[in-house]
Structure formats: structure tokens, C-alpha cells
Amino acid sequence: ILGGIDDPRGPQIRWCKMSPKQAKAYNDIRKASIADLDGDMLLALTPLARLTRQLQLASSFGSVENVENEDGTVSQRLVLEKPSCKLDALKDLLTGELSGEECVVVFTVSSQLAVMAKETAEEVTNTTARIVIGGQTADERANEVRMFQEGIWEPVNRKTARRGPGVIIVV
């Protein structure tokens, strides 16, 4: 977390405690490939689907959305919801040990969580967080990356930490 790969302190790990409802859904998917999310049944019928659902549920509880595909079949989508143990940890970091940093880069496991992290970071730091996610066009993403590398994103350029660190969210 602090200073990156070259930091002599090494990588920092922060364990996030899931809510009881979140932990139950996570364990149900892990054990039986099915979980009850407040009345909606979430299925994970293949090993890859099970691991994906576990990764999502480790970040936040959610609700099931049924999506009709172009071929007429129906797929499930897990829509992540607040509260989130990962977003709570992000709040703690941004208001605590990272509050004096000029810029913080956050990597997330999904675009949904990235958008939620952006909202959380903006709420906590009172700055504009930037985001690089898969839903952007190639040009939009390339422009965001270029602006970051050149240091022209407002949070990267800002020299005062009174409002909190600038935050960049990346998937």
C-alpha cells in the first residue's frame, strides 16, 4: 500500500472484515455454488463463475439482476451495493495513514467497485478522483493514462493536502 514495490517496508496488507450477510453469501457460493441474496438466488455453476462471484462478494454484498442476452437467454449480473468492507477500508486509509499523501492510486477487481471507490474517495477527500476502467473507449483510457503519466491530473499536480489526497482508481 505505501510506497510501492521499492518501499523498504515491503507490501502492506489490510484485512477487511465482511459483514455477516456478505460473509454468508460468500461462503454459500464457495461451498454450494448458490447463495440467497435477500430472496434472489445467485448461481455460480462453473469453477470460473464461482471464483468470480467469490471475488465480487469479498468486496461487497449485492443484488441479482437478470439480463437478457442477444440470443434470448438470460444471464445473472451481481450488482454490488454499499456498505462494502473494501470501501470502508479505503475510507480508513484516506482519512488516516494516507491522508497526507499528494496522490493515491487504487486498484480494484471490477469496474463496479472502481466506480463505487471513486464516489467514496471523492466523498472522503473532497477532491475529484480519476478513473481508468474497461467501459471507456480506447481513446478515453489512453488520455487518462497520458494525463496521469504527465502529472496533469489535478490531484497529481495539487501540492496542498488540506482536502486529502488525490485518488486515482484503476481496474
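View 1. At 27% relative accessibility, C16 counts as partly exposed, a class that lies between buried (under 20% relative accessible area) and exposed (over 50%), using a 1.4 Å probe and protein chains only. The model is predicted: local features need pLDDT of at least 70, side-chain atom pairs count only at pLDDT 80 or more, and totals for chains, interfaces and linings use all residues. Residues are numbered from 1 along each chain as its sequence is written, and side-chain values use heavy atoms, with hydrogens and water left out. The cysteine sulfur closest to that of C16 belongs to C85, 5.0 Å away, which is too far for a bond. A disulfide is a pair of cysteine sulfur atoms within 2.5 Å, and the count by this rule is zero.

View 2. Helix α3 covers residues 85–95, and its buried residues are C85, L87, A89, L90, L93 and L94. Helices are DSSP runs of H or I with at least four residues, strands are runs of E with at least two, and both are numbered from the N terminus. C85 counts as buried because its relative accessible area is 7%. S84 caps the N-terminal end of α3, with a side-chain oxygen 3.2 Å from the backbone nitrogen of K86. Such a polar contact is a pair of N or O atoms within 3.5 Å; within protein, one must be able to donate a hydrogen and the other to accept it, and residues adjacent in sequence count only if both atoms are side-chain atoms.

**View 3. T108 in a loop.** T108 sits between β5 (103–107) and α4 (111–125). Its relative accessibility is 13%, so T108 counts as buried. The T108 side chain reaches the backbone oxygen of S110 at 3.0 Å.
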